[in-house]
Amino acid sequence: MLANLFMHYAFDAWLARTYPGVAFERYADDAIVHCDSRSRARHVLAALDDRMGQVGLRPHPTKTR
């Protein structure tokens, strides 16, 4: 339960606040982020990588695309 609360703060709330037009789903520690273009996806992925670093996490190098 604590991990879910942490991810809500670290991922869900941050993404909704920073990218309000980007839809996403999160399942435990996995997420799907829907972007309307490849360039937007690259931008969001880079920002997400920075955000995860801020909270002491990092995306899985082979599963993240």
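A residue counts as buried when its relative accessible area is under 20%. Keep that cut-off in mind as you explore this predicted model.

**The chain as a whole**

Let us begin with the overall layout. The protein chain contains two helices and two strands, and reading along the sequence gives the pattern α-β-β-α. Helix H1 covers residues 2–18, while helix H2 covers residues 38–54.

How does the chain's radius of gyration fit with that of a compact globule? For 65 residues, a compact globule would have a radius of gyration near 11 Å, and the protein chain agrees because its own value is 11 Å. Some further values for the whole chain are gathered here.

| Property of the protein chain | Value |
|---|---|
| Span of the C-alpha trace along its principal axes | about 35 × 25 × 20 Å |
| Share of the 65 residues that are buried | 23% |
| Accessible surface | about 5,000 Å² |
| Share of that surface belonging to carbon and sulfur atoms | 56% |
| Distance between the mean positions of the 9 positive and 7 negative charges | 3 Å |

Contacts also link parts of the chain that are separated in sequence. Taking contacts between residues at least 6 apart in sequence, 33% of them join residues at least 24 apart.

In soluble globular proteins, nonpolar side chains tend to be buried together. Here, the largest nonpolar core is made up of 12 residues: Met-7, Ala-10, Phe-11, Trp-14, Leu-15, Tyr-19, Val-22, Val-44, Ala-47, Leu-48, Met-52 and Val-55. Helices H1 and H2 each supply at least two residues of this core. The most comes from H1, which gives five residues.

Is Ala-47 buried or exposed? Its relative accessible area is 16%, and the cut-off for buried is under 20%, so Ala-47 is buried. Ala-47 and Leu-15 lie 32 residues apart in sequence, and their C-alpha atoms are 9.5 Å apart in space.

Technical notes:
Residues numbered from 1 in each chain as written. Predicted model: local features only at pLDDT ≥ 70, side-chain atom pairs only at ≥ 80, totals over all residues. Heavy atoms only, no water. Core = buried A, V, L, I, M, F, W, Y, C linked by side-chain atoms within 4.5 Å. Buried < 20%, exposed > 50% of the residue type's maximum accessible area, 1.4 Å probe, protein only. Helix = DSSP H or I, 4+ residues; strand = E, 2+ residues; numbered from the N terminus. Rg over C-alpha atoms; globule rule 2.2 N^0.38 Å. Contact = heavy atoms within 4.5 Å. Areas by Shrake-Rupley, 256 points an atom, 1.4 Å probe, with all protein chains shown as cover. Lys, Arg positive; Asp, Glu negative; His and termini not counted. Charge placed at Lys NZ, Arg CZ, Asp CG, Glu CD.
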